[in-house]
Amino acid sequence: MSSDSNLTFAFEQSTSPLPLNERARLLEDPGFGRVFTDHMVTIRYKEGQGWHDPKVHQRRPLEMDPASAVLHYAQEIFEGLKAYRTKDGGASLFRADANARRFRASAERLAMAPLPEDLFLESCRQLVKADRDWIPESEGSALYLRPFMIASSVFLGVRPADEYLYIVIASSVGSYFKGGAPSVTLWVSDHFNRAGPGGTGAAKCGGNYAASLLPQKEAIAEGCDQVIFLDTVEKKWIEELGGMNVFFVMDDGSMITPPLGDTILPGITRDSLLTLARDRGISLREERYSIDQWQADARSGRLREAFACGTAAVVTPIGRVRGRDGLDFMIGNGGPGLQTEQLRTSLVDIQRGLAPDPYKWVERVF
Ligand code: PLP
Ligand code: COI
């Protein structure tokens with residue numbers, strides 16, 4: 001088992017894999033992020049020594065010094081990607097190279113040691129092979145890979161660490177939203193921000209998600225599913241959800257999505273949908289869109305559909321938008337729209353190997 005970085009992965013088979021009948025029971029309805037596999041990957045980094053000791057081994061708790069830098073200053077990044085079961089019982093990854101690139105960009109923003117992209121890719125392949133029996137088969141389910149990196153230096157001074165631990169764990173997943181919700185209701189966060197100019201919004205670091213938890217809690221308390229964030233400067237431009245990008249579909253079929261910058265995560269699903277839409281001749285604008293305009297367009301019928309997208313959420317229709325001071329409007333009839341459904345199906349069919357893959361997005365693992 002080798003990778004282009006000339007590092008060879010050691011493999012230690014789990015000595016206590018979950019019994020087959022228990023695994024089968026869990027895979028029937030895994031939900032999201034609750035069911036974990038038998039193995040994990042670890043790779044270590046030390047300044048002067050570089051990346052070393054890549055291993056696939058039994059999934060087990062970490063032992064850490066309580067002064068490990070990540071526990072104090074949140075020097076941590078992660079990724080999320082899925083392995084899909086193919087019709088013939090194999091497995092494939094979707095655009096894992098894009099996740100490897102984004103992981104490196106996140107590492108740079110958090111002043112962490114960048115992991116070579118080929119090591120990222122090989123670590124994902126290794127875990128998918130080790131945990132091949134954990135890839136669920138039913139439509140809408142997959143093996144969700146969670147690569148992440150933490151600062152493991154034992155030091156309380158505030159500076160970039162010189163030791164890092166890279167880990168990949170895997171989780172058998174179904175739908176991100178309970179019961180595979182047909183559409184979601186969003187809560188507009190008007191006083192909490194997710195990311196500001198010059199901040200870490202475009203990096204996939206745990207701190208961004210920590211900042212989103214209180215507004216997300218507020219959204220739930222208001223009876224909504226997810227929070228949607230506005231820009232921090234003018235508090236009017238729509239940015240993204242806590243874990244998803246957003247698209248708007250107008251009555252002429254054209255689409256708008258907020259432009260990337262340093263406050264929005266460059267989603268791989270977003271990029272894939274832009275490509276698919278462009279190739280279908282859909283007119284696209286990566287353009288700022290305000291909350292007031294969204295409300296006006298939804299009320300006048302100029303806006304027909306809206307959806308959120310991401311690896312975990314795939315493509316999820318937005319049915320209703322609410323916020324403070326009585327802000328409340330429906331999108332279309334509140335249910336899934338036709339164009340949203342068509343784009344979702346095109347994407348999912350490529351991911352699952354049910355449609356041709358003209359962009360070479362799918363990599364067969366075994
Ligand atoms: N925006 C945020 C904040 C996210 O956490 C995610 C999920 O990864 C996305 C957007 C969508 O990104 P992707 O499509 O690469 O999963
Ligand atoms: C993903 O879609 O992979 C995400 O990371 C979103 C969320 C689960 C944090």
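**Surroundings of the two ligands**

Because domain 1 (10–174) and domain 2 (179–351) both contribute residues to the shell around ligand 2, this ligand lies between them in what is a predicted model. The residues surrounding ligand 2 are F78, G80, Y144, R146, Y176, K204, Y209, G243, T311 and A312, and by class they divide into five nonpolar, three polar and two charged. An N or O atom in the side chain of K204 is placed 2.7 Å from an oxygen atom of ligand 2, while the backbone takes part through a polar atom of A312 at 2.8 Å from an oxygen atom of the ligand and through an N or O atom of T311 at 3.5 Å from an oxygen atom of the ligand. On its own, ligand 2 has 280 Å² of accessible area, of which the protein covers 88%. The space taken by ligand 2 is the largest pocket.

Ligand 1 likewise sits in the largest pocket, and the elements that give two or more residues to its shell are strand 12 (238–241), helix 6 (268–279) and strand 16 (303–310). Of the 17 residues around ligand 1, those that come nearest are Y209, E240, I268, T269 and T311, and the shell comprises six nonpolar, seven polar and four charged residues. In the side chain of E240, an N or O atom is 2.5 Å from a nitrogen atom of ligand 1, whereas oxygen atoms of the ligand are approached by a polar side-chain atom of T269 at 2.6 Å and by one of K204 at 2.8 Å. Taken alone, ligand 1 exposes 380 Å², and 96% of that is buried by the protein.

Conventions:
Residues numbered from 1 in each chain as written. Chains lettered and ligands numbered in written order. Predicted model: local features only at pLDDT ≥ 70, side-chain atom pairs only at ≥ 80, totals over all residues. Heavy atoms only, no water. Near = heavy atom within 4 Å. Polar contact = N/O pair within 3.5 Å; in protein donor to acceptor, adjacent residues only side chain to side chain. Areas by Shrake-Rupley, 256 points an atom, 1.4 Å probe, with all protein chains shown as cover. 1 Å grid on protein atoms, 1.4 Å probe; cavity = no way out; pocket = protein on both sides within 12 Å on 5 of 7 lines; lining within 4 Å. Sits in = over half its atoms within 2 Å of the grid points. Helix = DSSP H or I, 4+ residues; strand = E, 2+ residues; numbered from the N terminus. Nonpolar A, V, L, I, M, F, W, Y, C, P; charged D, E, K, R; others polar. Domains from an automatic or database assignment.
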